[in-house]
Amino acid sequence: MPSNFLKDVILRLNFKDEIKFSPQVVDNIKRMVSDSFPEFEPREQVSIEMTIDNVQKTTKEKRAKAYYFHNNANSSITLEPNAIIIGIKNYNTYEEFRNLVQKVIQNLGTENSSAKTSRIGLRYINQIIINEGDPFEWTEFIKEPLTSSLDFIERRSELSRLMGVLELNRSDYFLRFQYGWFNSEYPNPIAKKEFSLDYDCYSKNETELSSILGQVDIYHTAIKELYEHSILDGLRNYGR
C-alpha cells in the first residue's frame, strides 16, 4: 500500500492469558528494534479488580509491568501483560513493517510458545490531503459511491464532518471501513481538501504465535485490495 497518505498503521494482538516478559526477552526485543525505536521506558500498569457477593463489594488493586519502545516520529511498540500494540506513523513499506512484527513475535515465542491470541487487529488510516481545490470535489481521486452522500447536504458551508461506515464479514475475519470528510479542524466547518480512508481488519479467533504473521499478511492484502478499489488514477498518480 502506498505510504504517502498513511497517517497511522496499527497492529494490536490481544492474548488469552498473560504473556511472560522476562528481562532477557525484553532486552532481546530492545536490541533488535533499537535502530528504529531508540527510546525505551519500563512502565507499571495499575488496574482495579472488583468482586461483588451477597454481603459486600471487594476491590483489589493489581499491578503489572509494561514496556514502551518509541522514536521521535511517535511510532511505538507497547508490551502489555495481555497485549502487544505496534503503532507506526513513519510507515515506509509492508516488508519493513512485517519484519518488525516478525522480530517481536519470534522473541516472544522463546518463553510463550503455547500463547494464543484472542484477537488480532490490523488498521491502516489514510488521511488524504490535497493542497488546493474545492474540499468537496474528489471526482478524479475517490470512487463516486464513497462521496455520493454529499448530495444529501443542501448547505455544504455548514458541514463539519461526514463519515460513512461499511462492515464486511469474511470467512474468518471482519473488515470495517470508514471513509469521508473526517475534518482535522472539527468542529469547525470543512475548509480543507481532506478525505479519510480508514481500514480496520480483525479476527476474534484463537490464533497460535506461529500463525500470527500469516494472518497479518491476509489482513494486509485485504486492506490493500479495498484501498485500490476505493481510489482513482488521479490519486494513484498524485505527486509523481
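**Exercise 1.** How many bridges join S4 to strand S5 (residues 83-88)?

*Solution.* A word on the model: this one is predicted, with local features needing pLDDT of at least 70 and side-chain atom pairs pLDDT 80 or more, while totals for chains, interfaces and linings use all residues. Residues are numbered from 1 along each chain as its sequence is written, and side-chain values use heavy atoms, without hydrogens and water.

Step 1: Strands are DSSP runs of E with at least two residues, and helices are runs of H or I with at least four, numbered from the N terminus. Two strands pair if DSSP finds at least two bridges between them.

Step 2: Five bridges join S4 and S5, and the strands run antiparallel. One of the contacts to look up is Thr78, whose bridge partner in S5 is Ile85.

Step 3: Follow the chain between the strands: S4 and S5 form a hairpin with two residues between them.

**Exercise 2.** Work out why S4 is largely enclosed.

*Solution.* Step 1: Buried means under 20% relative accessible area, exposed over 50%, and partly exposed in between (1.4 Å probe, protein chains only).

Step 2: Sort the side chains by direction. Ser76, Thr78 and Glu80 point one way, Ile77 and Leu79 the other way, and all are buried. In a regular strand, side chains alternate between the two faces of the sheet.

Step 3: Five of the five residues of S4 (residues 76-80) are buried, so the strand is largely enclosed by the rest of the structure.
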